[in-house]
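Work through the exercises below with the sequence and the model open side by side. Each task is followed by a solution that goes step by step.

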Amino acid sequence: MPAVNLILIYIMRSTYKFLTIAFALYTSGFLMQGCHHPDEGQEKDTRFQVTDSLLNSVLIDTVKEASALSQFTLTGSIAPDENKMVKVFPMVSGVAQNVSVQLGDVVHKGQTLAVMKSAEMAGFTKDYVSSEADVRNTRRIMESTQDMYKGGLASQKDLEQAKSDYQKALAESKRAGAVVSINKSGSNGYELRAPISGFVVEKNLTNNTQVRADNGQNLFTIADLSTVYVLVNVYESDISKIQTGDPVKVTTLSYPDKVFNGKIDRIDNMLDPDNKVMHARIKIDNPGNSLKPGMFANIQIRAKSGEDLPEINAQALVFDNDRNYVIVVDGKAKVHIQPVTVAKTVEDRAKG
């Protein structure tokens, strides 16, 4: 263990306290002398005393031993939350007309995305109209047969057959109605409608495009961007430093002064064979839909390093002549200057 660390641990156990930079500036004239003589800085300088009134007005921080955190930055990109993303496929074949949305547009649930002229849709409508007519006809026959059965002019078999025909017509009418309901149709033809509200993040349809129902390509993708994923590229040297649940801060080129907070919620178990990185995923809230899919992101990760180091408030450090110093309160009002070595600084905490 380095000598400076031993000194810091000794200070911690003796419950010595550090004055912050406020007092360091107050005694800067004396500090400059002490800092230019590193050899003398190792001994307690007892020339300075702090009055009770000044001691009560300065901020004091106690050295604490804490689990050291490592902080490093990785890169990634914004992606939609796959649980809030829907792909729109055609249910019938036809020719696209009146494609009314563009890539990036905001759409609402039930909004018409495009209209298609479809012979299949015309057939569905014909089947539904015919089934409704069959329901009316079989119901009339059933009612007539019931009256004849009561008058002794029809047998029980005739009545049962009439009831059976009516039930079959009802079932067919419900089926045809469900097909028409699923495949929304208006006066202009088959309508493709948005199943959820969100942004159009993918569009593979233009006017006059011939569409086949057996084509596996989706026509639109709609994503709700109220929450998004940040897909992080983790290099092999950093894999051991991260784990699920580590807090992160995300910034983007579009909003350099805005910080989005989140946590790592998934880490892949395989390296990408193309770029030799492992992917991790962060889920973050996206107020105002500021973050858009495809944006470049910088991800600052705080992770435990597995070692314990003494730490103090970084404002208690005084840097002079290429060295860091602290001012130690020794007893009630005496102070001395102590050189220290800083191993790392994470936010407002200095560790060494």
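**Exercise 1.** Decide whether Asp265 is buried, partly exposed or exposed, and find the side chain that it meets in a salt bridge.

*Solution.* Step one is accessibility: Asp265 has a relative accessible area of 32%, and because buried means under 20%, exposed over 50% and partly exposed in between (1.4 Å probe, protein chains only), Asp265 counts as partly exposed. Step two is the partner: the side chain of Asp265 meets that of Arg281 in a salt bridge at 3.3 Å, N to O, a salt bridge being a side-chain nitrogen of Lys or Arg within 4 Å of a carboxyl oxygen of Asp or Glu. Asp265 belongs to strand E15 and Arg281 to strand E16, so that the pair links parts of the chain that are distant, 16 residues apart. Arg281, at a relative accessible area of 16%, is buried. Step three widens the view, for salt bridges with shared partners join Glu82, Asp265 and Arg281 into one network.

The model is a predicted one, in which local features need pLDDT of at least 70 and side-chain atom pairs count only at pLDDT 80 or more, while totals for chains, interfaces and linings use all residues. Residues are numbered from 1 along each chain as its sequence is written, and side-chain values use heavy atoms, with hydrogens and water left out.

**Exercise 2.** Which strands pair with E16, and in what sense?

*Solution.* Helices (H or I, at least four residues) and strands (E, at least two) are DSSP runs numbered from the N terminus, and two strands pair if DSSP finds at least two bridges between them. Take E13 (residues 227-234) to begin with: 8 bridges join this strand to E16 (residues 278-285), and the two run antiparallel. Next, E15 (residues 260-271) pairs with E16 over 5 bridges, also in the antiparallel sense. Finally, E15 and E16 form a hairpin with 6 residues between them, and Lys276 in the turn has a positive phi of about 60°.

**Exercise 3.** Which residues touch the most other members of the largest nonpolar core, and which strand gives the most to this core?

*Solution.* A nonpolar core is a set of buried Ala, Val, Leu, Ile, Met, Phe, Trp, Tyr and Cys residues joined through side-chain atoms within 4.5 Å. The largest one has 23 residues, of which Val230, Val232, Ile282, Ile299 and Ile301 touch the most other members. Strands E3, E13, E14, E15, E16 and E17 each supply at least two residues of this core, and E13 gives the most, with 4 residues. For Ile299, contacts (heavy atoms within 4.5 Å) include Phe72, Val230, Val248 and Ile282, not counting residues up to four places away in sequence.

**Exercise 4.** Is Asn218 buried or exposed, and which backbone oxygen does its side chain reach?

*Solution.* Begin with the location, which is the loop between strands E11 and E12. With 7% relative accessibility, Asn218 counts as buried. The side chain of Asn218 reaches the backbone oxygen of Phe220 at 3.2 Å. To finish, list the residues that Asn218 touches, leaving out those up to four places away in sequence: Lys87, Val88, Phe89, Glu202 and Asn204.

Notes. Polar contact = N/O pair within 3.5 Å; in protein donor to acceptor, adjacent residues only side chain to side chain.
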